[in-house]
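Student: I would like to learn how to read a structure model step by step. Could we go through one together?

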Amino acid sequence: MGESAASAIEADVAIVGAGPAGIAAAVHASGAGRRVVVLDAAPRPGGQIWRHQSRESLPGVAREWLDRLDRSGAVTFMSTGVVDAGPGLRLGAEHQGRPIVVHAGSLVIATGAQERFLPFPGWTLPGVMGVGGAQALVKAGMEVGGRRVAVAGTGPLLLPVAAALRRAGADLRLVAEQATAARVLGFAASLWRTPRRLAQAVAYRAAFAGVRYRWGTWVVRVDAAEGELHATYTDGRSTWAEPVDLLCAASGLVPSTELARLLGCAVVDGGVAVDRLQLTSVPNVYAAGEPTGNTGVDAALVEGAIAGLAAAGRGDEAGAYIPARDRHRDFSLRTVSAFRLREELRRRVGPDTIVCRCEDVPYSALRPSWGARQAKLATRAGMGSCQARVCGPAMQYLFGSAADSVRVPLLPTPLGVLADLSESGNDSQGADR
Amino acid sequence: MTTRPDVIVVGAGIVGAACAYYLARQGRRVAVFDASFAGSGTTAAGMGHIVVMDDSEPQFALTSWSQRLLDDLLPELPADAEFDRCGTLWVAEDEPQLEVARRKLSLYHARGVDAELLEGPGLARLEPMLRKGLAGGLRVPGDGVVYPPAVARWLLHEAVRRGASLMEGRRIEAILPRAVRTADGQLHADVVINAAGAEAARLTPRLPIVPRKGHLVITERAPDTCRHQVVELGYLQSAHTMSTASVAFNVQPRPTGQLLLGSSRELVGWDDSINRELLGRMIRRATAFMPGLARLNALRTWTGFRPATPDKLPLIGEWPEVEGLWIAAGHEGLGITTALGTGALLADLIAGHAPVIDAGPFAPGRALPEAA
Amino acid sequence: MSLLVQIRVNGAPLGVPGGSSLAAALLNAGFTAFRMSVHGEPRGPVCGMGTCFECRVTIDGAPGRRACLEPVREGMAVELDG
């Protein structure tokens, strides 16, 4: 620290998040002739759903969008985490210990969603991962061949992850969806309007044919015995335990809204509130995809297009996308409704069950009547490295407590970088990439 | 609340909690009110440094007596109060500051406070993270740190055990002669104590208390990097500069191994947002003393409002303008250190007992122009 | 077939496939836990995407880096925290 002030980048449109929404926004904003900068903490674009080591492994639509991004002229900063944002618009980011400041006329927040991890006894044991988490790690090279794997989760993520684990050679033992059969079948029936989605679901299921796939079933606890994990499941009637090498357990997705909240964007029901052109409550700040609460890659692509055009000053051209966006919003609402979490998931916790993983705060230390702030001051819950990304949604689900306010830095950031980012008007010229 | 309390305390921060504690110990019926929850305001924002200060005789008297009161209570404090007698290390950048350190040393020794002067090499042995080339420092081993919200909670818990009531989430709208008004109506008591800290002047407008904003940063765990509360002697200049924004190096090791970093001072009303530029100045001031800090990851930043008075002394005593009203507020950055002394002093004054330290310099009436 | 990259983990050399993330490489090499929790319990990767911070390790002296977001790099020196 010390020698370099932050590198300063000037852009018309800054986009945070290089998943489908961010990519679509970048392509459209760039196509409108604007200088576009995309920032993402991951090493390659694609977000979660299009995560890859080599593009050949991706479906055609993903490859096409990544090619369009390459050709668009947008400048991408990968392995770059946005840690601060403020009026101007001014973003502060960190790339491998170095500060980067971005000045942009408008911003598209395409920060995606994260998994919701609800506590249950044993959830902190090594070998218990997320559902999307396991898929991300497999795509990044984790070997699962021959390992006994179980998946317990909910929602559209479940089937593709099960299929991917099977294709990667896992000894897949159980796929458990917590939603009831009635809800799942009702949701499946609603897919008749979108035959492509229905065919996709059937194909995923076929990819792990022969593996038990249970509805209305969830994991109750995990124990370690003789160096092995044993997961206990229930369907509300019977309860049973099975050994497992890798348990993939999560409870759906929550929008990632930290950046939006730092900027003061209004958030409603956990999603960033946006108007018909994806504009948030903060001038020149747009949000697209999962952060708005509209889940799914189709919604992300359309919302990204609208946001990119609007952020580029071409909102009048976004009209063509709006009917599609409304359709995808309906799909999203149906998804959220079908896979909403059952009450029993609240009752899995015991007094010793860790709720805040970063600070090892057990359920018994927390009072349901506390808000997030009081819980923090009394127990340290939410004060750790993940900055309440894991325990925040957990405590909201368990106690109904709203999240505490968000402050800089959005990610743990070296003090030297934070100091360099704070220097006002002291920026060097141009991009150094 | 069915029976009329003897005392109403407005504010359940550490100062209000200490008042409640000592008054309840006297057998009085105490009702403590807080608009939010106990210890949620300035008490939660500060560093929790328990430090003897010698800027003035009254300040020395109050801080050292408070330290002794805390020492008496240590065996009873719960684990989550996290008391650690890590000592203070005052750091001198240059020879003039080292001279200040020498003067502090003689003053402390003259008053029986254990202190040790160090030249540069000795400093490095005590705190290896400090950069080379510093002139020296003063180590005060009797100082320590606590986690203030837990201390405030414990003091209130002890008061409640002796019959006090704690009313959280109940905002006091006005202080009247021998009464307070809430949304539910009026509550009467012979004694009302304004312990509302930085907000005290909202209820008692002629109190010369203004919010003096400070920034803090906490890092990820970095065990065994820092052993004392390390403060630059230049801090004393920062604390005395009322007008412009200032920063001073101040770092504290937490029991978790995290480092708590401060400090800044500015007068910007009630704007609690993070001032990025001042935050950067504060961090750079810290890394100028401990370069290795630059690599540690900052986890959180926050701000707090110190209740500042013009003469840098708190207001402890009777308020001449309102019948039955007493003040326990205006502690600037020493509220945690001096809470116990404040509570004990006020309890003595209310009871008509001879105070252990001279209460004159703290008399709230000194703020009024008539008092000449 | 990706080339092997040489990294060091807690001082010991380890060959890992180029292109994989550090978290995946460590898991494959048998490191099921990358850090110890506040109360001394072993913890390993969970979210795979950089939000849970359970996979944090020290890389080339920089603490708290998320292994799931770091591609392996020739000569990388990794210390598992705690």
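Student: What pLDDT does chain A average?

Tutor: This is a predicted model, in which local features need pLDDT of at least 70, side-chain atom pairs count only at pLDDT 80 or more, and totals for chains, interfaces and linings use all residues. Residues are numbered from 1 along each chain as its sequence is written, while chains are lettered from A and ligands numbered from 1 in the order in which they are written. The pLDDT is the predictor's confidence in each residue, from 0 to 100, and chain A averages 94, with 97% of its residues scoring at least 70.

Student: Where in chain A does pLDDT stay under 50?

Tutor: Where pLDDT is low, the predicted coordinates should not be read in detail. Here that concerns residues 425-433 of chain A, where pLDDT stays under 50. For these residues the model has 13 contacts beyond four places in sequence, two residues being in contact if their C-beta atoms, placed from the backbone, lie within 7 Å.

Student: How many helices and strands are there in chain A?

Tutor: Helices (H or I, at least four residues) and strands (E, at least two) are DSSP runs, numbered from the N terminus. Chain A has 12 helices and 22 strands.

Student: What does the radius of gyration of chain A agree with?

Tutor: The radius of gyration is taken over C-alpha atoms, and the globule rule is 2.2 Å times the number of residues to the power 0.38. For 433 residues, a compact globule would have a value near 22 Å, and the 22 Å of chain A agrees with that. Along the principal axes, the C-alpha atoms of chain A fill a box of roughly 65 × 50 × 40 Å. Of contacts in chain A between residues at least 6 apart in sequence, 66% join residues at least 24 apart.

Student: How many residues of chain C are in contact with chain A?

Tutor: On the chain C side there are 34 residues, in contact with 32 residues of chain A. The elements of chain C that give two or more residues to this side are α1 (22-28), β4 (42-43) and β6 (62-66), and α1(C) gives the most, with five residues.

Student: Into which domains is chain B divided?

Tutor: Domain bounds come from an automatic or database domain assignment. Chain B is divided into domain 1 (7-65 + 147-208 + 312-367) and domain 2 (83-144 + 210-307). Their centres, taken over C-alpha atoms, are separated by 27 Å, and 20 residues of domain 1 of chain B are in contact with 25 residues of domain 2 of chain B.
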